[in-house]
Every structure is written in C-alpha cells, then in structure tokens.
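The following exercises are to be worked with the sequence and the three-dimensional structure at hand. Each task is followed by a solution in steps.

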Amino acid sequence: MAAVGAHRPGPLKQQNKAHKGGKHSGSSQRRAGGRVPVKAQPRRRLRDLSRVDRRHQALQLRRQRKEAVLAEKRSLGSGDGPPHLVAVVLLHSRAAAHDTLRLLQSQDGAVVRAGPGGAGGFALLCPRLKQRWRFVTAQAGDLHTVLDLAKVADSLLFLLDPADGWDGAGEHCLSCLFAQGLPSYALAVPGGPDLPPKKWIDARKKLTKATEKRFPEAKLFPLHTEQDCSLLLRHLSTQKQRPLSFRARRAHLLAYAAEFVPGQDSHLVGTLKVSGFVRRQPLGVNSLVHIVGHGDFQVSQVDAPPDPLSLNPRVVKAQKRSQDMEDDSVNGTDEMEEDVKVLMKADPSKQESLQSEVVPDPMEGEQTWPTEEELQEAEDSLKASRRVVKVPKGTSKYQAAWIVDDGEEGSEKDDDEDDGIDDDLMEEAVSQDGESSEEEPGEEESETMTVSECLRDEQYDEKMEEDEQMLERYKQERMDEMFPDEVDTPRDVPARVRFQKYRGLKSFRTSPWDPKENLPRDYARIFQFQDFSRTRKHLFRQIEKEETEGASVGWYITLHVCNVPVSVMESFKEGKPLVLFSLLPHEQKMSVLNFLVRRHPSNTEPVKAKEELIFHCGFRRFRASPLFSQHTSADKHKLERFLRPDAALVVTVYAPITFPPASVLLFKQRSNGMHDLIATGSLLSVDPDRIVIKRLVLSGHPFKIFTRTAVVRYMFFNRDDVMWFKPVELRTKWGRRGHIKEPLGTHGHMKCHFDGQLKSQDTVLLNLYKRVFPKWTYDPHVPEPVPWVRSESVLPEQEVEME
C-alpha cells in the first residue's frame, strides 16, 4: 500500500540549470596549455591583457599624446615651424593700437620685418629666444577681417580701453568670435599707467570684474614699458593652444605675399601666386584650395622660395641687401622670383575636379513605349467613358452632345485653377492677408496724403515702410504662436484643389513616408553619400595615420592657383587678409546640409523661413534661403515658419559638403548694409534624405453636440470637400479623436463621431501634411558688411552706479 501511495514528480516540477563548468576564460587558458591559435583576433587579444598590461598600454598612449602636444607647441614660432601668428583686435575705438605696436617693435635684440604692402602688419624675429612672431591688426568693426584672421591665427590679442573696456562694436565682435571658435587669446590694456595711480587701480578693478563674464580665467596685461611687452610675448608663446576643430584636419595659410599673372584669353582671370607658411597639416598640390570669400580653385604648381622670416642672421642680412637693391614692390613679387625651387606640379590624373554639381540627364526619367496590352486597356477605358445626361424629350444626339453637365463645369474649372495655383503663394494669401486685404488700399491712400512740413520729418518718414513690414511680421509670428499651422479654408477655391499636394497621416511619429518619393529636380544636381558618418570616419582615420604627400608644416611656399579672378588680388591690395584652406575629398560638391542652431539673445526681430540669410560655416561663407524644422529623433521633422527664440532648430540649405565638426553663424543683412547676428550653432549632418514635413491645420466649430456625435461647420464649404477628406482622422484641442461620418446638406456641414462628448468651446481640427524642400538660392559671393556703429561702453550699469 505504501508503494502505491508514493509521490511521483509531475510534468511541472522545477528544473534547475546544470552547472556549466570549464567554459570561462581561466579554464580555457589552462586547457590550452600555453598554445596560441594561428590567427588571433585583435579584440580578443585586448581582452586577454592583464591588468598591469592594460595600465601600461594606457600610460604609453597618454605619453604619446602628451609628447605630440608638446612637439606642436615647441615647433610653433620656432625656426622649424611657422611663425606665431597673432591677430591684434581693437575692441574699443579709443584703444591705443599704434603705441602698442611701437612697443612690441622696440624689443631688445629683436629684428622687425615689415610685411609687404598688401599683407600689412609686421614680423618680429628674436634670434636670442629662437622665436618669431607675425602681428596683423584688425578693427572690431570690420567683421569679415576679424573672422577671417581668427580662422588661421594662433593667438588673438585683444586691446581694451582702460576706462570703458570694450564698446558696442567690440561686444558684437566678441559674440561672433565665441560662436565661431576662439583660439588662444590675451587681454592687453595699453595706456593704463598714464592715468593717476588711484584712478588706474579703480579702473583695473572695474575691468577685471567686467571681463570675468566673458573671460573667466583671463589676466589683464598692462602695456606701458618694454618689460610689459616682454611678459606679454612670453605669455603668448607659452600658453596652452586652444584647437579649432574645423582647421585641425585641413592645411591652411595666410598670404604673406601675392602676385597676379593675367591669363592669355582675358585679363580679368589669371594665375594667382600666393606665398605663405603652411599650418596644421601638409598641403598637397593635387587637392583643391578654398580662398575664403572667393570660392574653390585648383593648384597647378608649388614652389619653395627663400624664407623671408628666417632666424639665421646670415640669411636675414642677405635678404636685407637684396631688398636694398630692389625697387619698391607692393606685393613682394621680385623677392618671390629669386632662387625659386619647384617642389611639385599637379598631376592631371590625380588632381581633384572642380565639378560641384551633377549634370542631370533629361532622358533618364523618360517612360518606355506602351505595350499592346496597355494600348488595349486605354481603348477600352475610352469606350467605357460614356456619360449619361438628362435631356428633354425630342432632343437629338447632336443636341445632347452640346449639353454641359454641372459636374463637368466644376471639373474643368478645377483643372484650370489647379494649373495656375502656386502652393506657397496661395497659402500666404489665405493665411496672412485674409480679411484685411480689402482694408489695405484705404490705409495706403490715407498714408500717401500726409505731407510733412519740414525736411527732417520727410527723412524720418522714409523708414515707415520698413516699420510697417516689421509690424506685419510681428503679427504673423504672434499668430503662429497662438494658432500654430492653422489656416483658413478658402471660399473661392475647393479645398480638395487647394490642398491637393497634402495628405493625412494616422500618426505623425509612426506613419511611413518614403524619402525618395516625389523629389524635386534640384535633387538630380546634388551628391549623396551611402553612409556619410562612415565616410567621415574613414577619411579622418586616413588623415591621422597616413602622411600626405606635399609641403610639410612650417614650410614657406608659393602656390600657383589657377583661374582666379582679378578681384581677389584687388581685395588683397586693399589690405584684406587672403586666407587659403585645402579641401578634403568631396568638399567641393553640392548637397543638402543641416545645421543645428539656436537664436542669439541679442536678436529679437522675427526671422521667417525662406528669407535670405548669410552663413559662416567653418571656413566658408555664403548666402542662402533656409528652411527651419524641429530637432527630434524621429524620421520626420515638422517645419517651423519662424526661428523660435526658446528652442534649438535645424536649418536646411543647399551648400557645398563640409565634414563636421564645424561652427556656423547666421547673419541677416539690413537695408543699410550692416550684418546682424541671428543665430549660432554647428553643422549637424549632410543628409538629403532628412524629411521636413509642412503641416496645415483646418479648423471647424461644433454646431450641434450629441452624446458622441456632433455637427461641425466652417471647416469646409461644399459637400465634395467633405467626401474628399472623409478618410482623414479628426482631433480636437481638448484631446478628443474622431472621424467624419457623413456630409449634411451642400454647404459643408458634416456629422462627425468622436470618442467622447465634445465641449461647446472646443475646436475640431484636421491635420494635413506635405514634404517641403529648400530652394536653390546658394550664392558664394557675400558683400562686405558696413562697419558696425560704435557706441559707448557696454560695462554693467550697476558697476558705474557703484562708482
């Protein structure tokens, strides 16, 4: 009996895992007995390193990086490296630049070499310290000069006023420099000790307190004696260099001398011979170069003239004797022609092409000849398209053919209107003008009748048109904030025709949208990467590991740049800096660039999408009309009609490819020629497949409300529109969702079903979506801005009151 009643385990008994011994790394090593496989994986080898070996490897890598930084720091300004380039920026109109430069030139044992006429500035050679500097001066009001010099300068020397620090132009200049990327810098106060001792101490305290916000760890250097200048030079040569990401992987140089050789065909285009010191990376002859502000060009030849800033005294004396025998030359062309050695010439088979756009084939999208089956189907459809028309008795077939049905009139009218409707223009006419279009002519007439009594009033009233346009933009921005993306349904055009390019989505986040669908013609002109991030990583890895064949860093060379317009040489003669950057592969080609920007706090005026803005992206500057969109992690991004002040937005334009990281500055040109800083940010990606969706919201009001149904009006104004948009889902401002059930009558009323009872103050909304693309408005030529109007000190008012 006991055996019969014994417990037996059922099928649900707990099954514990068996111990898997011998599969961890220690046991495998013991079983191997010291044997090593023939082909060892590198990742496996890294994991098998002991703790001591891993620490030793990390220490070696740290030492290598430290030695590389120290070697670069020691080569800067030495005989083997390029001269230490210092850009002197005047942040106040009363800053004593002339006295500062005179003190710097009066160093003991230093040799001063004045630059050629077009380059400006001077060079300071100290054989005792084995250092050489080159100083170039720039006014804070000259925006392009300051930004161009900051792109290539090793250090910036800011000159402050001892009483006021910096003025309005200096504040604007600092904002632009911080957004572009600030290299190493120093703050100098010339003329401070000329004040009485007590006033100088108070002024220095006030300056120190004011500069803490912009420069938290900066030190003020007074410039009154040669000893002060020596301390400043020592600080410039020993301070830590702050790298700029967009120039770290590209060779660049600042022109020391230049010569223009006109071409045989035209005197307006020729070869530009630019001489300067190679910086950061070796410069190859087969790569393209970009002249900042002028465009991309090819290089035909690289020469090696004698170094004009050599620390060897014999070379300096020989060059001095040669300069005494030469006539005055503006560009130093005679010096360039002596003892010139040809380093390399361009190879046409390896040289980069200047092609920036794809030439589209107009026959590429042509349809093939229809097959017999397709022709037979077309004939059957024509036979089947017989219409039935009600006619009075006794009407013949000939007379019935002339009777036009109401539906045909509507369709023909719709087709004609569809052909002549521009989507963007119609939207602006509907959403912005609205009911006030009839009142505008009366207002304009009343304004033109007003006559000013004096000349001063006439000059003042000339700006009233700009004020009215600005007021209209403020109204549009305010309406877009209160009622985002809402538009009025037109009464004169059917909604199914007006919004025929739009579609409804079940969910903006999850509904699919093909990025290759209905692309514009401009997309046939651009280039696209199969995997942009992978190409970028591979290219940067090649730059770090492989050595580029070309002129090494620190060499004084002469580049023969082909097909350069004479305007480049004219700007150099006027004193503008001539800056050259070597381009990475593919950086001359056009694509769609996306920038992540945030609006600058100093700008409060509304900025609408598709307005022309000026871009400073890395080493490039150009003009374009961008699109604004939200910055999200989804695959679709909603278009923004205005640049929001409280959020980061993505700016999309057609522009040449640039590999990030690269900073970007957005400017807007005033009517008087000045450039206002609108937004700052960085390059996000180069991606033509980024989908920017424009949303339209049609609104209606509940007329009769039942338990879960309601009669909605004012969203549409005819029955056909209600039937056309019936599949689109509805939503309300209070969170209800529903759909159109059926139309009521012929004036646009419709019965709608919702997931709950509506409130009388609720609004019914219908969302429509359309993909938008930027306009091809890229222009590489940016006009020079009018110098910034200088104002008084911008030091904090509280400090002035305390004084």
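**Exercise 1: An aromatic pair**

Tyr256 is buried, with a relative accessible area of 5%. The model is a predicted one.

Task: Determine which kind of aromatic pair Tyr256 and Tyr556 form, and which parts of the chain the pair ties together.

Solution. 
Step 1. Tyr556 has a relative accessibility of 8% and counts as buried, the cut-off being under 20%.
Step 2. The ring centres of Tyr256 and Tyr556 are 6.3 Å apart and the planes make an angle of 80°. Ring centres must lie within 6.5 Å for a pair, and planes over 60 degrees apart count as edge-to-face. The pair of Tyr256 and Tyr556 is therefore edge-to-face.
Step 3. Tyr256 belongs to the loop between strand S8 (252-254) and strand S9 (257-262), whereas Tyr556 belongs to strand S16 (residues 556-565). The pair thus ties together parts that are 300 residues apart in sequence.

**Exercise 2: An open sheet and its helices**

Task: Give the order of the strands in the seven-stranded open sheet, and explain why one side of S2 and of S7 is left without a neighbour.

Solution. 
Step 1. The strand order is S2-S3-S4-S1-S5-S6-S7, with mixed pairing.
Step 2. Strand S2 (111-114) and strand S7 (220-223) are at the edges; each has a single partner strand, so one side of each has no neighbour in the sheet.
Step 3. From one strand to the next, the twist averages 30°.
Step 4. S2 is joined to strand S3 (residues 122-126) by four bridges in the antiparallel sense. Within this pairing, Leu125 in S3 is the bridge partner of Val111.
Step 5. Helix H4 (residues 97-105) packs on the sheet, and its direction makes about 30° with that of S3. Among the strands that H4 touches are strand S1 (84-90) and strand S4 (131-139).
Step 6. Helix H7 (residues 197-214) lies across S6 and S7, at about 145° to S7.

**Exercise 3: A covered strand and its partners**

Task: Find how many residues of strand S13 are buried, and which residues are the bridge partners of Val302 and Asp303.

Solution. 
Step 1. Strand S13 (residues 299-304) is mostly covered, with five of its six residues buried.
Step 2. S13 pairs antiparallel with S16 over four bridges, and the partner of Val302 in S16 is Leu559.
Step 3. S13 also runs antiparallel to strand S14 (residues 341-345), to which four bridges join it. Here Val342 in S14 is the bridge partner of Asp303.

**Exercise 4: Charges over rings**

Task: Identify over which rings Arg503 and Lys589 are placed.

Solution. 
Step 1. Arg503 has its charged end over the ring of Trp513, 4.0 Å from the ring centre.
Step 2. Lys589 is placed over the face of Phe527, 4.9 Å from the centre of the ring.

Notes: Residues are numbered from 1 along each chain as its sequence is written. This is a predicted model: local features need pLDDT of at least 70, side-chain atom pairs count only at pLDDT 80 or more; totals for chains, interfaces and linings use all residues. Side-chain values use heavy atoms; hydrogens and water are left out. Two strands pair if DSSP finds at least two bridges between them. Helices (H or I, at least four residues) and strands (E, at least two) are DSSP runs, numbered from the N terminus. Axes are lines fitted to C-alpha atoms, for helices over the stretch in contact, and angles run from 0 to 180 degrees between N-to-C directions. Contact means heavy atoms within 4.5 Å. Rings of Phe, Tyr and Trp (its six-membered ring) pair if their centres lie within 6.5 Å; planes under 30 degrees apart count as stacked, over 60 as edge-to-face and the rest as tilted. Buried means under 20% relative accessible area, exposed over 50%, partly exposed in between (1.4 Å probe, protein chains only). A charge sits over a ring if NZ of Lys or CZ of Arg is within 6 Å of the ring centre and within 35 degrees of the ring normal.
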